[in-house]
Amino acid sequence: MIEATGLRKSFRVGRGRGATTVDAVRGVDFAVRRGEIVGFLGPNGAGKSTTLRMLATLIRPSGGAATIAGVDLLRAPAQVRRRIGFVAQASGTYDDSTARRDLVLQARMHGLSKSVAQELAAGAIRAFQLDDFADRKIKTYSGGQRRRLDVALGVIHSPQVMFLDEPTAGLDPPSRVRMWQEVRRLREAGMTIFLTTHYLDEADSLCDRVSIIDAGRIVAEGTPSALKREISGDVVAVDFAAEVAGETGGDLPAATKLLAEAPYVHAAEPVDGTLRLYVDSAATAIPQIMRALYDRGIEPGAIEARRPSLDDVFLAKTGRSLAE
Ligand SMILES: Nc1ncnc2c1ncn2[C@@H]1O[C@H](COP(=O)(O)OP(=O)(O)OP(=O)(O)O)[C@@H](O)[C@H]1O
Ligand SMILES: [Mg+2]
């Protein structure tokens, strides 16, 4: 349903001699099959929104090609537009209208009759839990309420392909979970969904496949479980947060240096006061790690064994942590 090859976008900023270019998206390839939920996971400025806006025909690519539902993005943008829905990262609704009124208008704009539009609006109000405020002015909504309305507006005409730019940004945890259920329901209804997120748990539990994007390039791609399997073995997280914040300090760098050289540790990465150690087996590594630390007089806080997360994948590919 979506196929992109070498998609690029450079922005020119400034004028005359001071002009420079920003390479926002540096050639991305990906494919999304019918009925999949695929996510772009990446930090601020990675190029997620720029990619989405190119696919939604809002900005013209600087290079590369894409087809959406079989239609060429560059040759037939108007036809692409008819097949897609798009929810921007920033909400566009701040007016004196109400959710119900905007939903009806949006459906009518897609050529539906008044009665069908009213029915669809009522359905969307239920599905996105807008009941309590649907007839109130939109400018009185909270951020999370507005976000749910944004998504409801984007999908009202049941497009074949739905683009969601950070659908759960600003939502509280229960609202995020409900939004995930709603996105899955859209997929059950036959939509193909491409979304962006910088939430690791969202990429992990909502997306069938994930492309990890950093600085305009895709650095890893696959199902969440396949990506995590790439990081073989276990992760042992040794917490030094108390030491870093408190009086002793210095233990984290010392422990990193010590354990990076240990034969049973594949990699040692300090992240936010915690030392992540990549090992074959936590059960055999933990006693060795403890002994090595205590022999040097280093007393860490908690030691925890866990399976690799998408953040471990991100760290392995970029040298930085997304959680950080
Ligand atoms: N119109 C523009 N002109 C100049 N630079 C731009 C423009 N739009 C985006 N950029 C730059 O392109 C890069 C990618 O931006 P983009 O909005 O795609 O990132 P993102 O991954 O969506 O980040 P976020 O998680 O913060 O939403 C950034 O460096 C940004 O400053
Ligand atoms: Mg963005």
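# Briefing on a predicted protein model with one ligand described

The protein carries 43 positive and 40 negative side chains, and the centres of these two sets are 11 Å apart. In outline, the protein is built with 12 helices and 14 strands, and of its 324 residues 49% count as buried.

**Overall make-up**

- Among the contacts that link residues at least 6 apart in sequence, 67% join residues that are at least 24 apart.

**The surroundings of ligand 1**

- Ligand 1 is surrounded by 14 residues, and the closest of them are Gly45, Lys48, Ser49, Thr50 and Gln89.
- Three elements, β1 (2–13), β2 (20–32) and α1, each supply at least two residues of the shell around ligand 1, and the largest share, 3 residues, comes from α1.
- A polar side-chain atom of Thr50 lies 2.5 Å from an oxygen atom of ligand 1, while in the side chain of Gln89 an N or O atom is 2.9 Å from an oxygen atom of the ligand.
- Gly47 takes part through its backbone, where a polar atom is 2.9 Å from an oxygen atom of ligand 1.
- On its own, ligand 1 has 630 Å² of accessible area, and the protein covers 66% of this.

**Thr51 in helix α1**

- Thr51 is found in helix α1, and it counts as buried because its relative accessibility is 0%, which is under the 20% cut-off for that word.
- Leaving aside residues up to four places away in sequence, Thr51 touches Val25, Val28, Phe30, Phe40 and Ile213.

**Arg209 and its partners**

- Arg209 is found in strand β9, which covers residues 209–214, and with a relative accessibility of 13% Arg209 counts as buried.
- The side chain of Arg209 makes a polar contact with the side chain of Glu36 at 2.8 Å, and it makes another with the side chain of Glu221 at 2.6 Å.
- When residues up to four places away in sequence are not counted, the residues that Arg209 touches include Ala31, Val32, Arg33, Ile37, Val38 and Gly39, and also Gly222, Thr223 and Pro224.

**Residues with a positive phi**

- Thr57 is a residue other than glycine, yet its phi is positive, near 65°; Thr57 is found in the loop between α1 (48–55) and β4 (63–68), and at 15% relative accessibility it counts as buried.
- Glu166 is likewise not a glycine and has a positive phi of about 50°; Glu166 is found in the loop between β7 (161–165) and α6 (173–188), where it is buried with a relative accessible area of 3%.
- Gly319, which follows helix α12, has a positive phi near 80°, and within α12 itself (residues 310–318) the residues Leu310, Asp311, Asp312, Val313, Phe314 and Leu315 are buried.

**Distances in sequence and in space**

- Gly111 has its place in the loop between α3 (99–109) and α4 (114–127), and it is exposed because its relative accessible area is 64%, a value over the 50% cut-off.
- Although Gly111 and His157 are 46 residues apart in sequence, their C-alpha atoms are 9.2 Å apart in space.
- Asp251 lies in helix α10, residues 251–260, and it is buried, with a relative accessible area of 16%.
- Asp251 and Leu103 are 148 residues apart in sequence, and from C-alpha to C-alpha they are 57 Å apart in space.

Terms used:
Residues are numbered from 1 along each chain as its sequence is written. Chains are lettered from A and ligands numbered from 1 in the order in which they are written. This is a predicted model: local features need pLDDT of at least 70, side-chain atom pairs count only at pLDDT 80 or more; totals for chains, interfaces and linings use all residues. Side-chain values use heavy atoms; hydrogens and water are left out. Helices (H or I, at least four residues) and strands (E, at least two) are DSSP runs, numbered from the N terminus. Buried means under 20% relative accessible area, exposed over 50%, partly exposed in between (1.4 Å probe, protein chains only). Contact means heavy atoms within 4.5 Å. Lys and Arg count as positive and Asp and Glu as negative; His and the chain ends are not counted. The place of a charge is taken as NZ of Lys, CZ of Arg, CG of Asp or CD of Glu. A residue is near a molecule or strand if one of its heavy atoms lies within 4 Å of it. A polar contact is a pair of N or O atoms within 3.5 Å; within protein, one must be able to donate a hydrogen and the other to accept it, and residues adjacent in sequence count only if both atoms are side-chain atoms. Accessible areas come from the Shrake-Rupley method with a 1.4 Å probe; for residues, only the protein chains shown count as cover.
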